[in-house]
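Please keep the structure open as you go through the points.

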Amino acid sequence: MPELSVTENLLLGDFPRRAGLIDWPAAHRQARELLARIGFDAIDPRTPAGRLTVARQQMVEIAKALVSEPTVLILDEPSAVLAGSDLDRLYALVRDLAARGTLVIYVSHRLAEVLDLATSIVVVKDGKVAAVTEPDRTSEDELIRLMAGRRLEQIYPDRRPGRGAARLEVSGLSRAGEFREVSLTLHAGEIVGLFGLVGSGRSELAQCLFGATQPAEGEVRLDGRPVRFRDPKRAVAAGMALVTEDRKRTGLVPGMSVRDNIALTTMHTTTRAGLIDTGRRRRAVTGMIERLRIQPPHCAGMPVATLSGGNQQKAVLAKWLLREPTVLILDEPTRGVDMATRVDLYRIVDDLARTGLAVLLISSDLTEVLGASDRVLVMNQGRITGELDPDRTTEDEVLAYSIGQAA
Amino acid sequence: MTDQLTPTAESKSVDAAPRRAYRMPRLMIRGRDLTAEAVFVGLVGILLLVAALTSDTFFTQTNLTNLLKQMVTTGLLAFGMLVVILTGGIDLSVGSVVAFAGIVTAGLVSGLPIPVAMAVGVASGILFGLINGTLVARFGLAPFVVTLAALTTIRGLAFVYSEVPIAPEDPAFFRLGSALLGPIPVSTLIMLAVFLAGGVFLGRTPAGRSIIAIGGNAETVRLAGINVRRYVILAYTISGGCAGLAGVILASRVGIAQPSVGVAFELDAIAACVIGGASLAGGRGSAKATLGGVLVLVVINNLLNLYGVQSFWQQVLKGLIIIAVILVQRTRLPGRTLT
């Protein structure tokens with residue numbers, strides 16, 4: 001509940017009372033103790049939950065689950081939005097809970113942490129249990145094979161052979177409290193990875209490039225011409241596309257059909273005598289569903305919310321591909337997406353780049369950034385702190401740049 | 001005892017499988033779920049059956065013609081309201097617009113040709129809608145507050161224009177509201193035409209689809225490169241225009257324009273939308289179903305009048321019936337609310 005304070009979210013009506021009224025000082029103290037117990041004492045319990053970063057909100061969610069001291073705790077992708085020291089705290093917490101007798105079911109697609117934390121591993125694929133194993137008896141490679149039905153080397157397409165002319169040139173772009181003096185260039189035909197921890201300003205940069213917010217300083221050139229998008233409408237018209245990090249809140253209209261969602265960006269141009277040309281729309285939408293292999297195949301009339309996370313993401317991508325953009329910004333495109341669909345997404349984006357699109361791939365998944373990009377930019381506290389060649393760097397080096405500790 | 005908690009981002013997301021409170025048998029015809037429609041047709045059928053069995057006067061031509069005339073005001077207001085509700089907003093000012101448009105038209109009839117006076121009445125509604133929409137879309141004010149303020153402002157303006165009712169003497173003034181085409185009032189045909197055009201607008205035009213999408217998720221629509229403000233303003237303008245037209249027709253039907261007419265009309269309009277399955281959160285609702293909602297509402301009103309039920313009890317009964325109808329209508333939801 002974003003409007004309510006952290007305390008209210010944590011205690012959820014079970015407040016300490018005095019003379020029938022809520023004893024706020026005691027409630028905040030209780031909340032602070034709760035947060036401190038799990039190592040998240042940096043959070044002020046009086047802030048409205050909605051003002052916290054996504055990572056902090058996640059911690060509050062976890063703290064909330066612990067209020068009732070459960071004997072069984074299911075954590076569904078708890079690490080998806082966490083990084084760095086937050087992750088370490090989460091791992092310490094999970095180990096501590098397990099040591100004290102709580103049964104923890106930890107759902108994750110981060111294989112390293114699964115191998116590290118778990119005592120028993122269940123691999124689920126297509127709604128069925130594909131294997132039950134233990135960390136000592138398996139490896140990342142084997143887990144990937146069990147999940148995706150293919151080996152690691154087959155997950156990411158080969159790197160693109162070369163790059164074309166500069167498409168999007170950004171120089172000295174700043175926006176107060178979000179990012180500072182960002183300069184980068186995207187060329188036709190390349191995928192540039194942008195790695196940064198939650199809160200580093202990556203998504204804010206994407207929003208700004210897309211005209212959703214306005215920069216305070218700096219210049220953006222598209223195909224050599226200076227541009228300044230006053231709103232997303234102008235950015236879209238100029239050939240930009242943005243797949244946002246939060247499908248539900250900014251990528252889809254959940255109550256509408258798959259067809260309406262995919263046609264959202266093109267309905268104004270698919271008209272005949274002022275009315276939407278339903279024949280053309282149907283052909284365009286079915287074409288996309290086939291091309292991106294959105295499952296199930298006859299989903300055009302279904303509410304988009306009934307699709308799986310991965311297929312929802314494909315629907316978001318389809319919406320943009322119908323616009324035939326020249327610059328594609330992907331913000332955490334594989335978050336909450338199953339392995340098989342990820343492989344599909346990497347292949348689709350690779351195809352697009354090979355036909356001349358400039359792609360900016362924003363991600364907090366190190367393996368993905370290094371596997372799928374031709375160049376890697378690292379962001380820390382609103383600044384681009386490094387540019388690395390994915391073939392000549394390591395996960396540790398990228399991480400070091402992202403927390404400002406690079407040599 | 002076992003606690004099961006899933007504190008995650010994903011568990012709250014649309015990825016989660018829809019959960020149904022209960023499952024009822026569904027009517028599927030050619031792959032389309034027509035349960036809601038079937039329930040609705042059944043409901044209206046039962047209502048009409050009750051009417052036929054218990055009242056000698058319901059199925060007389062006089063009463064039916066009367067009923068069709070009574071539908072017009074609620075119908076026009078309900079369509080305009082639907083468009084606003086689809087964006088996730090609400091328009092509480094429509095009742096006052098009805099009064100203002102009526103009294104201005106009646107006042108102008110003495111000096112201007114009747115069609116021009118009527119056009120001015122409708123235009124005044126469009127202007128009020130434009131102002132409402134601009135305040136909501138451009139200044140980011142809450143629709144409830146803006147249109148509540150408009151409700152009292154416009155009502156005041158109607159009284160400022162004329163404290164006393166105005167009754168034009170030219171018989172041509174009554175024609176719009178009372179003329180018949182065979183057994184069917186012309187004004188009813190106008191209302192049906194609005195619904196017909198409105199159905200096409202919402203279903204087939206980029207503007208209509210955008211309005212529905214905005215109610216579903218305005219930020220997604222904005223980021224898709226669509227001018228959200230423009231369509232929100234358009235929605236309120238349509239509502240204002242419909243209310244203006246309703247006011248002009250009402251004054252013409254009654255033959256006298258009163259500055260006090262139309263109090264609480266917005267409630268019937270909202271009720272009609274909701275009975276027709278529209279979500280007050282926006283993004284869901286249709287012209288066809290809203291017309292059905294209008295029919296249910298007007299038939300209930302008419303029956304209660306025929307039974308001679310005291311007007312206060314009418315209000316009580318109408319409220320209870322609306323709740324009952326909405327409970328039944330809820331079966332059209334797949335058990336999932338948009339959050």
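Predicted model: local features only at pLDDT ≥ 70, side-chain atom pairs only at ≥ 80, totals over all residues.

Chain A is divided into two parts, domain 1 (6-119) and domain 2 (166-402). In chain B, the helix pairs described here include one made by helix 2 and helix 9, which are roughly antiparallel.

**Domains of chain A**

- Domain 1 of chain A spans 6-119, and domain 2 of chain A spans 166-402.
- Taken over C-alpha atoms, the centres of domain 1 and domain 2 of chain A are separated by 31 Å.

**Salt bridges**

- Over all chains, the structure holds 26 salt bridges.
- One of them pairs R95(A) with D116(A), where the closest N and O atoms are 3.1 Å apart.
- R95(A) sits in helix 4 (residues 84-99) of chain A and D116(A) in helix 5 (residues 111-117) of chain A, so this pair ties together parts that are 21 residues apart in sequence.
- As background, side chains of opposite charge can pair when their charged atoms come close.

**The loop between helix 11 and helix 12 of chain A**

- R293(A) lies in this loop, and it has a positive phi of about 50° although it is not a glycine.
- P296(A) is also found in the loop, which runs between helix 11 (278-291) and helix 12 (309-321) of chain A.
- The peptide bond joining Q295(A) and P296(A) is cis, with omega at about -10°.

**Helix 2 with helix 9 in chain B**

- The axes of helix 2 (residues 61-86) of chain B and helix 9 (residues 228-254) of chain B come within 7 Å and cross at roughly 170°.
- That angle makes the two helices roughly antiparallel.
- On the helix 2 side, the contact residues include K69(B), L76(B), F79(B) and V84(B), while those of helix 9 include Y236(B), I238(B), L245(B) and R253(B).
- By class, the residues of this contact divide into 16 nonpolar, 4 polar and 2 charged.

**Helix 3 with helix 4 in chain B**

- Helix 3 (residues 94-108) of chain B and helix 4 (residues 114-137) of chain B have axes that come within 8 Å and cross at roughly 150°.
- Helix 3 of chain B is therefore roughly antiparallel to helix 4 of chain B.
- The crossing of these two helices is right-handed.
- Helix 3 of chain B contributes V97(B), F100(B), A101(B), V104(B), T105(B) and L108(B) to the contact, and helix 4 of chain B contributes residues including M118(B), V120(B), G121(B) and F128(B).
- This contact has 9 nonpolar residues, 4 polar ones and no charged ones.

**Helix 10 with helix 11 in chain B**

- The axes of helix 10 (residues 265-275) of chain B and helix 11 (residues 287-306) of chain B come within 7 Å, crossing at roughly 120°.
- Helix 10 of chain B is therefore oblique to helix 11 of chain B.
- The crossing of helix 10 and helix 11 of chain B is right-handed.
- D268(B), A271(B), A272(B), C273(B) and I275(B) of helix 10 meet residues of helix 11 including T290(B), V294(B), L297(B) and N301(B).
- The contact of helix 10 with helix 11 of chain B has 7 nonpolar, 3 polar and 1 charged residues.

Terms used. Residues numbered from 1 in each chain as written. Chains lettered and ligands numbered in written order. Heavy atoms only, no water. Axes fitted to C-alpha atoms, helices over the stretch in contact; angles between N-to-C directions. Helix = DSSP H or I, 4+ residues; strand = E, 2+ residues; numbered from the N terminus. Parallel < 35°, antiparallel > 145°, perpendicular 65-115°, else oblique. Left-handed = near helix turned anticlockwise from the far one by under 90°. Contact = heavy atoms within 4.5 Å. Nonpolar A, V, L, I, M, F, W, Y, C, P; charged D, E, K, R; others polar. Domains from an automatic or database assignment. Salt bridge = Lys/Arg side-chain N within 4 Å of Asp/Glu carboxyl O.
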